[in-house]
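This report describes the overall build of one protein chain. The sequence and the structure are shown first.

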Amino acid sequence: MNMSTESFIILIPATALVSSLLIYLFRKENLIVYLSSIIASILMFIFVIFLGKEIYLTGNISYNFLSISKTINIKFVADKPAILFASIASFLWIITNFFSIGYLKGTKDKKVAKFFYFFALTLFATTALAFSANLITLFFFYELITLFTYPLVTHKGDTESIKAGRKYFVYLIGLSLFFFLLAIFLTYSLKHILDFYETGIFDGSEDKKALLIILAMFLFGIAKAAVMPAHGWLPTAMVAPTPVSALLHAVAVVKAGVFSLYRVLNNVFTIDVLSSINGHYLIIIFASITIIFASIIALRQDNLKLMLAYSTVSQLSYIVLSFGLLNKISIIGGLTHMLTHAFGKITLFFCAGAIYVTTHKTKISELDGIGRKMPLTMIAFTIGSLSIIGMPLFAGFISKFLILKGVYYSNMYFVFVIFGSSTLLNAAYFFPIIYRAFMKVSKQDNEKYKEAEPFLLYPLLVTAFFTVLLFFLSGFIFKYLGDV
């Protein structure tokens with residue numbers, strides 16, 4: 001593979017890094033800040049698509065950026081799962097740029113440059129993590145994501161934001177240092193290698209108890225995957241501006257978590273090793289607990305963003321569970337759910353943001369009749385909800401169907417009960433909102449408001465459209481991910 005193609009692996013995160021530099025240099029010129037972020041996101045997505053086409057035609061591409069020792073390197077690899085994650089992050093960055101402009105204007109936020117600066121840095125770290133080829137590189141960019149998103153979580157600067165940011169930081173940095181980093185150290189101590197391999201780092205000849213301990217450390221140390229009880233940071237972080245919640249906590253941060261787990265489970269342990277140590281039971285049990293309990297907690301919320309946050313905790317564990325079913329079809333289902341959940345959930349967060357800027361409403365109990373005054377917004381909300389529930393004709397149905405197919409092949413039929421119960425709970429907290437919006441009449445029916453302004457409305461309509469379109473593109477997705 002020629003160097004020019006390999007260099008695209010570096011060029012993709014570098015695009016966001018250059019954007020952050022331009023934003024800093026021209027921080028007093030909002031127009032340049034906006035254009036820098038928008039142009040960088042478009043270029044990044046184009047580069048990802050180009051690289052994705054290359055690896056589809058010719059195979060995986062690796063690039064050794066920096067050699068620290070014979071066995072420790074900062075190294076990158078472009079394969080199909082990496083392209084999937086990078087394409088989700090880069091494409092939705094384009095859409096979120098426009099939504100963010102509308103949101104910051106609507107809330108009269110004056111810290112525009114700071115917002116977009118850390119946004120760009122986060123996308124730099126996220127795409128670099130997507131292409132990480134070993135545990136050291138993965139850990140480094142995993143930590144950078146936390147550092148770059150902390151200023152976004154605390155963006156408002158009030159007491160609540162600072163308190164939430166402190167919890168966010170302690171959870172993610174603390175758990176990663178005590179468990180994730182220690183798991184990497186133990187892996188290196190046993191095998192003296194850290195690179196990801198299709199055949200895994202472990203081969204099953206190691207002590208089974210030691211491997212189970214290391215697996216547990218990875219599972220809970222990678223707290224961005226929000227497996228209970230390592231989930232408390234995510235709902236707390238909902239104090240951040242809605243664009244932050246939308247892209248970072250529906251796409252970049254949480255998907256960095258489940259993607260990191262994918263790398264560990266698939267390229268450090270492998271299906272065969274996990275089966276030999278019965279590690280899949282640990283994964284499935286904790287993921288199942290998270291799916292059900294997070295859904296129950298979501299059902300009890302009146303704050304719309306907080307409900308969406310607990311819904312995200314639950315949905316992430318669908319992906320984690322799929323990786324523990326130990327068959328290729330469930331793994332493809334989990335990777336596909338990264339895609340479908342991203343579009344469905346970002347649509348819902350966009351809708352929550354548009355409602356807040358337009359009406360200043362944050363509670364579900366305040367949404368009576370809102371569908372009559374903001375019909376397009378609430379139709380988009382309905383589409384996102386139906387996708388998260390997993391209804392046919394919407395993207396979420398495809399990924400959940402694949403995971404269920406994996407459940408059948410794994411003979412773990414009790415997981416069908418988990419899925420069925422969770423689907424009912426999903427419906428129980430989404431359908432009442434839709435009913436309120438379109439069927440109930442507000443006690444303050446004389447309130448004067450209408451659809452959000454274009455910068456808020458059009459992005460949520462675009463993501464809602466793709467939430468439907470992805471259902472009909474499922475054949476292409478299967479074909480691309482078919483041999484992961």
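How far apart are the mean positions of the positive and negative charges of the protein chain? They lie 6 Å apart, for 37 positive and 22 negative charges. Lys and Arg count as positive and Asp and Glu as negative, with His and the chain ends not counted; each charge is placed at NZ of Lys, CZ of Arg, CG of Asp or CD of Glu.

## Basis of the model

The model is predicted: local features need pLDDT of at least 70 and side-chain atom pairs pLDDT 80 or more, whereas totals for chains, interfaces and linings use all residues. Residues are numbered from 1 along each chain as its sequence is written, and side-chain values use heavy atoms, without hydrogens and water.

## Overall fold

The protein chain contains 19 helices and two strands, taken as DSSP runs numbered from the N terminus (helices H or I, at least four residues; strands E, at least two). Its radius of gyration is 21 Å, close to the 23 Å given by the globule rule for 484 residues, so the chain is as compact as a globular protein of that length. The radius is taken over C-alpha atoms, and the rule is 2.2 Å times the number of residues to the power 0.38.

## Nonpolar core

Of the 484 residues, 62% are buried, meaning under 20% relative accessible area (1.4 Å probe, protein chains only). The largest nonpolar core has 184 residues, among which Phe131, Leu135, Phe218 and Phe269 touch the most other members. Such a core joins buried Ala, Val, Leu, Ile, Met, Phe, Trp, Tyr and Cys residues through side-chain atoms within 4.5 Å. Helix 10 (residues 242-276) contributes the most to this core, with 20 residues.

Note on methods: Buried < 20%, exposed > 50% of the residue type's maximum accessible area, 1.4 Å probe, protein only.
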